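This report covers strand pairing, helix packing and aromatic pairs in one model.

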Amino acid sequence: MNFGVEIKGLGSASPSKIVCNEDLEQFLETSSEWIKTRTGISERRVCDPSKQENGLSLSLEAAKKALGNFAPEKIDLIIVATSTPDFLYPSTACRLQEALKAKNAVAFDLSAACSGFVFGLVNAAQFLQNGTYKNALIVGVDIHSRFLDWTDRSTSILFGDAAGAVFIERSDSEKNQLLAFNLRSDGSGGDDLSLKCVGGEYQAGKIEKPLEAVFMNGKKIYSFAIKTIPDLIAEVAHSAKISTDEIDYLICHQANQRILDSIAEKLNWPKEKCLSNISKYGNTSAASIPLAWDEFAETLPKECTLALAGFGAGLTWGSVIWKWKAF
Ligand code: ACO
C-alpha cells in the first residue's frame, strides 16, 4: 500500500412517503406487532414515481451532501452499488456522473446486493491506495419497492428505499483509515435470495415481464447472517491487529434487529454497539450501511474504530475496519 484513504464526506437520502406497519395490515395477513417483534421495523420509505423519486434522484441527493463544496469535475471515480437500478443500462453511475456534471470521473455500477456498499468502498479504496486515483464517490442505492410482490408478507414487510454516499480521498499512508477488509462470495446460496430477469424469447419477440419479484428463503438468510457475520468481524479485526473489543461501533447491514442483537451477543458486546436505525427505514439493501453511517456520524466520538459489515444475495458478505475521524 503506497497511499492511505480518508473520509471527506457522508450523505444520504430517503423518499418522502412513509409506509408504516399499520398501512401493511390493511392488505396483508400480518400485524404491526408481528413485524415489530420479529424484525424491529416500524416503518419504511418508498419512492413516489409521481414526485420523480427514483434511484437516480436519491443517489444525486445523497452524493451532493457527501461532496459538500467539492467541485464535481474533480471527481476521479464514481461507483454505485445497486441491484435495483432504474435502467439495466446505462448504469446509475453514468447517469449520476451526468447529473453531477462530474465529466472527468470514470463511473460504473457494482452488483453485490446488500453487501454492495462494502464491496464498492473496498474496490474504490484500492484505486486510491495504489495511486491510480485521488478521490472516489461511492453510493449505495436500492429501490426495492418496485420489485416486491406487495402481497407476499415474507418479503414486502422488510424492504424500504434509500441511498447513502461516501466521498473518500487519497492521503499519506500514515493517515490511512481503511485498516483491513474481508470480502466473501458463495454462489451456491444464490437460490435463497434472488430477483430474476425474465427476458423474452427470440421467437416470442416481446417481453411481458422483465423482472420477477424478490424471492427470499428468510430462515436460511437469517441463519447465514448470524453464523457468518460474527466470524467475519473476528477475522477482519484480526487482520487489523485489534481485538473485537477494540471495535467501538459496528455499522452492519440493517436487515433484522434480531440479527443485530444476535451478532452483539455472539461477540459479547452490549447491544448498543451495533448501531441501528432499522425501525425507521427497514432493509434498504446497498443503502443501509452508508445511510446509518451518515445518520450516526454526528453522535460518534471524534475518533473511534468502526467495523462495517454487509451481507446479502449472491450470497455475498464483507466487512471493513475503519479508523473514523470526524471531518
Ligand atoms: N406476518 C405475520 N406472520 C408471518 C409473517 C408476517 N409478515 N411472515 C411470516 N409469518 C408467519 C409464518 O407463516 C410462520 O407461521 P407458522 O409458524 O404458522 O408456519 C411464522 O410467522 C414464523 O415464520 P418464519 O418465516 O419462521 O419467521 P421468522 O422468525 O424466520 O422471520 C423473517 C421471518 C423476518 C423474514 C426472518 O427470517 C429474516 O429476517 N430473515 C433474514 C432476512 C435478511 O436478512 N435479508 C437480508 C438480505 S436482503 C438482500 O440481500 C437483497
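Strand β8 pairs with strand β13 (residues 316–325) in the antiparallel sense, over 7 bridges. Within this pairing, Phe181 has Val320 of β13 as its bridge partner. The model is a predicted one. Both strands belong to an open sheet of 4 strands, ordered β8-β13-β12-β11, in which the pairing is mixed. The edges of the sheet are β8 (178–185) and β11 (249–252), each of which pairs on one side only. From one strand to the next, the twist averages 15°.

Two helix contacts are described next. Two packed helices are described by the angle between their axes and the distance between the axes. The table gives these values for both pairs.

| Helix pair | Axis angle | Axis distance |
|---|---|---|
| α3 (residues 55–67) and α4 (residues 92–100) | roughly 55° | within 10 Å |
| α5 and α9 | about 80° | 7 Å |

The axes of α3 and α4 cross at roughly 55°, which makes α3 oblique to α4. Their crossing is right-handed. On the α3 side, the contact is made by Leu56, Ser59, Leu60, Ala63, Lys64 and Leu67. The α4 side contributes Thr92, Arg95, Leu96, Ala99 and Leu100. By residue class, the contact of α3 with α4 holds 7 nonpolar, 2 polar and 2 charged residues.

For α5 and α9, the packing angle is about 80°. Because angles of 65 to 115 degrees count as roughly perpendicular, α5 and α9 are roughly perpendicular to each other. Helix α5 brings Phe117, Val118 and Leu121 to the contact, and α9 brings Ile289, Pro290 and Trp293. The residues of this contact of α5 with α9 comprise 6 nonpolar, no polar and no charged.

The last topic is the aromatic rings. A pair of aromatic rings is described by the distance of the centres and the angle of the planes. With ring centres required to lie within 6.5 Å, the count comes to 8 aromatic pairs. One of the pairs is formed by Phe117 and Trp293, whose ring centres are 6.5 Å apart and whose planes stand at 85°, so the pair is edge-to-face. Phe117 lies in helix α5 (residues 116–129) and Trp293 in helix α9 (residues 288–296), so this pair ties together parts that are 176 residues apart in sequence. Phe117 and Trp293 are also among the residues that make the contact of α5 with α9.

Technical notes. Residues are numbered from 1 along each chain as its sequence is written. This is a predicted model: local features need pLDDT of at least 70, side-chain atom pairs count only at pLDDT 80 or more; totals for chains, interfaces and linings use all residues. Side-chain values use heavy atoms; hydrogens and water are left out. Axes are lines fitted to C-alpha atoms, for helices over the stretch in contact, and angles run from 0 to 180 degrees between N-to-C directions. Helices (H or I, at least four residues) and strands (E, at least two) are DSSP runs, numbered from the N terminus. Angles under 35 degrees count as roughly parallel, over 145 as roughly antiparallel, 65 to 115 as roughly perpendicular and the rest as oblique. A crossing is left-handed if the near helix is turned anticlockwise from the far one by less than a right angle, and right-handed if clockwise. Contact means heavy atoms within 4.5 Å. Ala, Val, Leu, Ile, Met, Phe, Trp, Tyr, Cys and Pro count as nonpolar, Asp, Glu, Lys and Arg as charged, and the others, Gly among them, as polar. Two strands pair if DSSP finds at least two bridges between them. Rings of Phe, Tyr and Trp (its six-membered ring) pair if their centres lie within 6.5 Å; planes under 30 degrees apart count as stacked, over 60 as edge-to-face and the rest as tilted.
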